[in-house]
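Please look over the sequence and the structure below before reading on.

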Amino acid sequence: MKGTCPKDTGQVEGAPTFQAAFRAQGPLAMLEHFDTIYSILHHFRNIDPGLKEDTLEFLIKVVSRHSQDLPAILDDTALSLSDRNAHLNALKMNCYALIRLLESFETMASQTSLMDLDLGGKGKKARTKAAHGFDWEEERQPILQLLTQLLQLDIRHLWNHSVIEEEFVSLVTGCCYRLLENPTISHQKNRPIREAITHLLGVALTRYNHMLSATVKIIQMLQHFEHLAPVLVAAVSLWATNYGMKSIVGEIVREIGQKCPQELSRDPSGAKGFAAFLTELAERVPAILMSSMCILLDHLDGENHMMRNAVLAAMAEMVLQVLNGDQLEEAARDTRDHAFPHHHAAAPLLHHQGQADRELGGEAVSAVSHSPVLCLP
């Protein structure tokens, strides 16, 4: 049954029928009732807040049920091709519906946040509940955890040759990047949702070849969203240390290193984002970043002072945290002593970004530029 939404009632025809079909057929009911959900998505602004909340709750139930059913289905060696395709199509439809509904709620929440800025933040929670009928901020994390649970299953076996479509991975990961765009994501109270986003993307990186797409997206977001540098540093550091994805540091650094000075001079917000990201990343994972530092050294000759200072600050962290002490291997110790013969004094000077360009001089920078330890294979 096709879903329609009369403008005067804000109700969607077909929703009760879909719920009845779900009780009888389980997650596969979406195959015959997708039009009903699509109608709700299309008329989202006009429908009753209670129906929005009920639809979200229902879709969470549908996707959760599918997540519970899929392990046995995937292990069924007698599963027919038609049944496999039915579950694949239902999976894509169910995830599409849930994610698009999530994004619709998030768009409305962002608009409410802008209104809060105009009104000084008074009565924010009441306005949020009035707009949605419930507290949206509390609903996001369980949805991301549910999607992560799905990705951790061997769902690739539903696709031909067990090769999952890039469009499906982009659909699931795309909602994470959409949530990150909200400036409130960096607030302390939103730490659980940041961790849920990081975990979902970490699974996509390790299981679904999301490296290239994630790198491109991170570069774009650093250029356009000032609040994201520390958030993305925390995520990338975790992927590199806890998920075994050290290579993503090199990929991101390579993209930043290849930005020409003229491009950065035309994009001060991008330069600021890159500089903040590199500075904080060096503080978190200096040893991992060190193997890619040679890619960034050209920025020491660039006109953008933020990038120069960021590279110098990163070098300082490497001296302080990695190339410090006498327990180093001989090659690393020789490199440190050659690059920074007075490293105990040079590191604080490097760290003082405002004076680094003027006081460090070219001698140590030149030595570091030719230091093999800063560009390991």
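The paragraphs below cover confidence, a helix pair and one threonine.

This is a predicted model, in which local features need pLDDT of at least 70, side-chain atom pairs count only at pLDDT 80 or more, and totals for chains, interfaces and linings use all residues. Residues are numbered from 1 along each chain as its sequence is written, and side-chain values use heavy atoms, with hydrogens and water left out.

The pLDDT, the predictor's confidence in each residue from 0 to 100, averages 84 over the chain, and 77% of the residues score at least 70. In residues 353-364 the pLDDT is below 50, and this stretch has 19 contacts in the model beyond near neighbours in sequence (contact means heavy atoms within 4.5 Å). Where pLDDT is low, the predicted coordinates should not be read in detail.

Helices here are DSSP runs (H or I, at least four residues), numbered from the N terminus. Helix 10 (residues 229-242) packs against helix 13 (residues 268-284) at an angle of about 40 degrees, and their axes, lines fitted to C-alpha atoms over the stretch in contact, are 9 Å apart. Residues making the contact include Leu 232 and Val 236 of helix 10 and Phe 277 and Leu 281 of helix 13.

Thr 17 lies in helix 1 (residues 15-25). Its relative accessibility is 35%, so Thr 17 counts as partly exposed (between buried, under 20%, and exposed, over 50%, with a 1.4 Å probe and protein chains only). Thr 36 is 19 residues from Thr 17 in sequence, and their C-alpha atoms are 9.3 Å apart in space.

Conventions
Axes are lines fitted to C-alpha atoms, for helices over the stretch in contact, and angles run from 0 to 180 degrees between N-to-C directions. Helices (H or I, at least four residues) and strands (E, at least two) are DSSP runs, numbered from the N terminus.
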